[in-house]
Protein chains: 2
Amino acid sequence: MKAIQDYYPPEFAHCFGCGPANARGLRLKSYIEGDETIARCVPLYTGGFPGHVYGGMIASLLDCHGAASAAAFAYRDRGRTMGDGGPAIRFVTASLKVDFKRPTPLGGELIVKGRLTAIDGRKATIALSLQAGDELCAVGEMIAVEYRPKIDSVVDQSS
Amino acid sequence: MKAIQDYYPPEFAHCFGCGPANARGLRLKSYIEGDETIARCVPLYTGGFPGHVYGGMIASLLDCHGAASAAAFAYRDRGRTMGDGGPAIRFVTASLKVDFKRPTPLGGELIVKGRLTAIDGRKATIALSLQAGDELCAVGEMIAVEYRPKIDSVVDQSS
């Protein structure tokens, strides 16, 4: 099964966290399953304490998974399918909030989940969580905005 | 001049983002200068677009710098000096919010700054920013909580 990131157009496929074209990156793979998105990974980036994952990695996983989730939910909201041959839908992060609930253990599988809270035009809000086994380690909320090159190009020139 | 992280006790010195003892990590160095903290770095982690820094790295820099800032401001608040021989003060992140203002260019120096917004007992609030040259690329807010092993150990056992 192809992941959401596997449908990213080539110019978006280089992200260290989730770009399929970044051979040195983490290549996070997110999938949509029913009303939620899910990614599984085993990141080996030690936090301040040995034995725990570093906080920035937790934020990274939520960020990459959240942007993928926003795209997947937007396809569904518009009655489209990823890879349908139409213009690719791609979101970028406007804001990300992470609440760290407990230290995240290093070395085991982490499960990142996303749910669509709201979608309105180019803006999507995604509720995120990160768990190790059954233990909830972090929750987050992302506001993502659809990237549209022509519109953004106009905005850039006027600012 | 020693950085804030250079005063972290050994059991806290392993963070991928800022641990002086993590030879494979980024080893971010934060300094306190007047009323603000500052760190400079050149992270080479590509975002979705080539030529820009990946979002998770921006969150990571704010997270590591924010936790260091909280510790440095707490020393000052208590009239203490880092490395004074007393018990080390160390904060962990309770929550981090990042607002991405514009794409962050890859390859140049980034400047991360922190300011103390509030400090009350074990809790510190830090306002954060990340700029490339004079361009503000992201702002953030962290709520950090002082780590006290004995207290946290008691809490852990009762939960």
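In which sense do β3(A) and strand β3 (residues 91-100) of chain B pair, and over how many bridges? They pair in the antiparallel sense, over five bridges, where two strands are said to pair if DSSP finds at least two bridges between them. This is a predicted model, in which local features need pLDDT of at least 70 and side-chain atom pairs count only at pLDDT 80 or more, while totals for chains, interfaces and linings use all residues. Residues are numbered from 1 along each chain as its sequence is written, and chains are lettered from A and ligands numbered from 1 in the order in which they are written.

**Chain A as a whole**

- Chain A has two helices and six strands, these being DSSP runs numbered from the N terminus, with helices (H or I) of at least four residues and strands (E) of at least two.
- Along the sequence, the elements of chain A follow the pattern β-β-α-β-β-β-β-α.
- The radius of gyration of chain A is 16 Å, close to the 15 Å that the globule rule gives for 159 residues, so chain A is as compact as a globular protein of that length; the radius is taken over C-alpha atoms, and the rule is 2.2 Å times the number of residues to the power 0.38.
- The C-alpha trace of chain A spans about 45 × 35 × 30 Å along its principal axes.
- Of the 159 residues of chain A, 46% count as buried, a class that requires 20 or more other C-beta atoms within 10 Å of the residue's own, whereas 12 or fewer make a residue exposed and values in between make it partly exposed, with C-beta atoms placed from the backbone.
- Among contacts in chain A between residues at least 6 apart in sequence, 62% join residues at least 24 apart, a contact being two residues whose C-beta atoms, placed from the backbone, lie within 7 Å.

**How the two chains are related and meet**

- The contact takes 29 residues from chain A and 30 residues from chain B.
- On the side of chain A that touches chain B, the elements giving two or more residues are α1 (55-77) and β3 (91-100) of chain A, and β3(A) gives the most, with eight residues.
- The residues of that side of chain A divide into 13 nonpolar, 12 polar and four charged, where Ala, Val, Leu, Ile, Met, Phe, Trp, Tyr, Cys and Pro count as nonpolar, Asp, Glu, Lys and Arg as charged, and the others, Gly among them, as polar.
- Of the interface residues of chain A, 100% are also interface residues in chain B, so the copies meet through the same surface.

- An open sheet of 12 strands, with antiparallel pairing, has the order β1(A)-β2(A)-β4(A)-β5(A)-β6(A)-β3(A)-β3(B)-β6(B)-β5(B)-β4(B)-β2(B)-β1(B).
- At the edges stand β1 (30-33) of chain A and β1 (30-33) of chain B, each with a single partner strand, so one side of each is left without a neighbour in the sheet.
- From one strand to the next, the twist averages 25 degrees, with axes fitted as lines to C-alpha atoms, for helices over the stretch in contact, and angles running from 0 to 180 degrees between N-to-C directions.
- In chain A, nine bridges join β3(A) to the antiparallel strand β6 (residues 135-146), and Val92(A) stands opposite Val145(A) in β6(A).
- In chain B, β3(B) and β6(B) run antiparallel and are joined by nine bridges, with Ser95(B) opposite Ile143(B) in β6(B).
- β5(B) and β6(B), also antiparallel, are joined by 10 bridges, and Glu141(B) in β6(B) is the bridge partner of Ala127(B).

**Helix on sheet**

- α1(A) lies across β1, β2 (36-41), β3, β4 (110-120), β5 (123-132) and β6 of chain A together with β3 of chain B, and runs at about 130 degrees to β3(A).

**Residues with positive phi**

- Arg27(A), in the segment before β1 of chain A, has a positive phi near 50 degrees although it is a residue other than glycine, and it is partly exposed, with 19 other C-beta atoms within 10 Å.
- Gly133(B) takes a positive phi near 60 degrees in the hairpin of β5(B) and β6(B), which has two residues between the strands.
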